[in-house]
Amino acid sequence: MNQRLRSRTLLAVVATAASAVVATGLTAPTSSAAPSAAPTVAPASAPTSGWIPRPEDYPGTVKTTDLKIPMDDGVVLRGDLIQPADASGAAVDRRLPVIVMITAYNKSVIAGGGGGLAGPGPSYLVQRGYNYLVVDARGTGSSGGSWGAFSARENKDSGEVVAWAHDQAWSNGKVGMAGASYMGISQLMAAGHHPPGLKAIFPQVPGADVYRDIVASGGQLDVGFMPLWLDLVNGAALVPPAYVGSDPTAALGVLLDHLVGGGSFTLTLALQALLGQDPMYDGPFYRERSAISYLDDVTVPTFLIGGEYDLFQRGTPLVFEKLQQNGAPVKMIIGPWDHLQGSSGALVADAGYGTTEELQLRWFDHWIKGMDTRLGEIPPVTYYEQGADRWVKRPRWIADDLHARSYALSGSSAMGGRAGGLTTGTPAAGTSTLLPLPVSGLCTRSANQWTAGVMNAIWPDNPCFTNNALNDYSGLTFETTPVTRPVRMQGPINAHLFVSTTAGDGMLSVVVEDVAPDGSVHRITGGWQVISQRKLVPAQSRYLDGRLIQPWHPFTKAARTPLAPGTIAPVDVEVFPTGAMIARGHRLRVTVQGYDVPHLLAPVPDLPGQALPIKVYTGPDHPSVLTLPVR
């Protein structure tokens, strides 16, 4: 199958899968003991509110395609403008605020729905008095130039697009931004450039730190999502521009730019990473492409949507905390959603504040139009608590009612089902041998999470998404006795493990789980860490009550230190943040494995050592512990 056909096929599969999210909501019945990748969630009780969504101001919309948007280096981007239309179908002759969306997935595809990949369509806001500008990022869709995936140049473009919209004759100078995933990150990049007129943004499932969030979580290369994503962008870039009929010469030039620029960028990057070269390590390349690097002085009002099973499960809360620290008006809803679900926004109403479209209207009407939309009724943080099937409201992500609790791994575990202990008391000494098996992760919700939710959209009843028991046989498990009081955890988690390895390296995949009385196992969250990248930077790590809950590792080539044979050393594994409750009678379990398939893969030079045994040590002399923020 040639590259163009393969990319088009992939685009169709992803769009079709995402459409299923929107159309069905994926609400298969489940029990609280073993919720699915898209559990049936009881909507939060609707808060008493003096705000109700206002009706349409205009009966229709009208679109102008491929407006030229010049950048300061001479490259021309293209955007489609959707305006309110009167009863005759003509654009209304009024200067209105503008909502901007910048996409790498081709605005023509997005205009067709894109399977919900971009979030809600523009009509809802446009018919209530907003213009909507959808722009192809540099080197994608109908825009000129070469694609560089959040390069400094592309990020500067984001600010320039907002400034251009601010100045147009059909604009009243006030600009907001909307969109999911790539389109959400573009909003943060634009805000970091402080363009004139930017009043509010609404990013859904955005990331913060591209290296740690997704490209190489724990120091291994993501091979689940990244190939899908690169094919999606490159495939969408091969759709001919809408102006191919009126200006074929320009359209051909753009297509050639896309073929040469995008292909060389992605292929070169992927090959170098797989071979263990510079793109395998963190550094300036990834700092330039990380939204968190642009937010130091951003105070733009921001409404965030995130997912506990999302690709950016780690990053969205970090964006929230950074903006709240800056003094920005910011709110965040995190639900039990994967990436496609969070992108579509189809299930956001379960949190109790209305649909995504209604929330956008409420947000933009307040910050752009100056209306009283009772935003004070929505707390800064609302998150879904797994295991309790309820929504929790808090003033901060890590609120004052949380404290650190450590559970020590105790005794020995054996692959195949023999569990060690997990205790808040004195642990027993033990040594457990982990033989990494390249099937670990296949039958888990991790496989769905790190393919962006495509698996769940195609097969929502997959039993692997509701029960981790089979997968746990390929690792070492440590668990508590049935708890007598509920354990409520929320936030990032640290697994501090004492290990040795004959290979000098290896990968620790750590899963935090809820074991029900019937033996079913619900995956709550997970984390990963390459042993040779165990160097810890305390100043950039996070502590609660003096205990480490979110380690920060450099992941540079210089920091890489293989473990000498026979040496036992502690390794801190960042387990991605979550919100969950272990109910009375259930057990808290931690499972340690050596692979997470199809999510992560070591670079080719390191592959031989990945199959060699790893030993995990417990007891007073080797205090391996799991530290949770609990309330």
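Helices (H or I, at least four residues) and strands (E, at least two) are DSSP runs that are numbered from the N terminus. The model shown is predicted, so that local features need pLDDT of at least 70 and side-chain atom pairs count only at pLDDT 80 or more, while totals for chains, interfaces and linings use all residues. Residues are numbered from 1 along each chain as its sequence is written, and side-chain values use heavy atoms, with hydrogens and water left out.

**View 1. The open sheet and its edge strand β1.** Ten strands, in the order β1-β2-β4-β3-β5-β6-β8-β9-β10-β11, make up an open sheet of mixed pairing, where two strands pair if DSSP finds at least two bridges between them. The edges are formed by β1 (60-70) and β11 (390-394), each of which pairs on one side only. From one strand to the next the twist averages 20 degrees; axes are lines fitted to C-alpha atoms, for helices over the stretch in contact, and angles run from 0 to 180 degrees between N-to-C directions. Strand β1 also holds Asp-66, a residue that has a positive phi of about 55 degrees although it is not a glycine.

**View 2. Strands β3 and β4, with the helices on the sheet.** Strand β3 (residues 96-103) runs parallel to strand β4 (residues 131-136), and six bridges join the two; Ile-102 stands opposite Val-135 in β4. Helix α4 (residues 152-167) packs on the sheet and touches β1, β2 (76-85), β3, β4, β5 (171-180) and β6 (198-204), its direction making about 140 degrees with that of β5, where contact means heavy atoms within 4.5 Å. Helix α10 (residues 315-326) lies across β8 (302-307), β9 (330-335) and β10 (381-385), and runs at about 160 degrees to β9.

View 3. The structure holds 20 aromatic pairs, counted where rings of Phe, Tyr and Trp (its six-membered ring) have centres within 6.5 Å, with planes under 30 degrees apart taken as stacked, over 60 as edge-to-face and the rest as tilted. One of these is the stacked pair of Phe-202 and Phe-303, at 4.9 Å centre to centre with 10 degrees between the planes. Because Phe-202 lies in strand β6 and Phe-303 in strand β8, the pair ties together parts that are 101 residues apart in sequence.

**View 4. The second largest pocket.** On a 1 Å grid over the protein atoms alone, a pocket is an open set of points with protein on both sides within 12 Å along at least five of seven lines, a cavity is a set where a 1.4 Å probe fits but cannot get out, and lining residues have an atom within 4 Å of a point. The second largest pocket has a volume of about 490 Å³, the volume being the space filled by probe spheres set on the points, with grid points joined across faces, edges and corners. Its lining has 20 residues, of which Ile-292, Leu-318, Gln-540, Gln-550 and Trp-552 are the closest to the centre. Helix α10 gives the most to this lining, with five residues.

**View 5. The cis peptide bond at Pro-598.** Val-597 and Pro-598 are joined by a cis peptide bond, with omega of about 5 degrees. Pro-598 has its place in the loop between β22 (587-593) and β23 (600-601).
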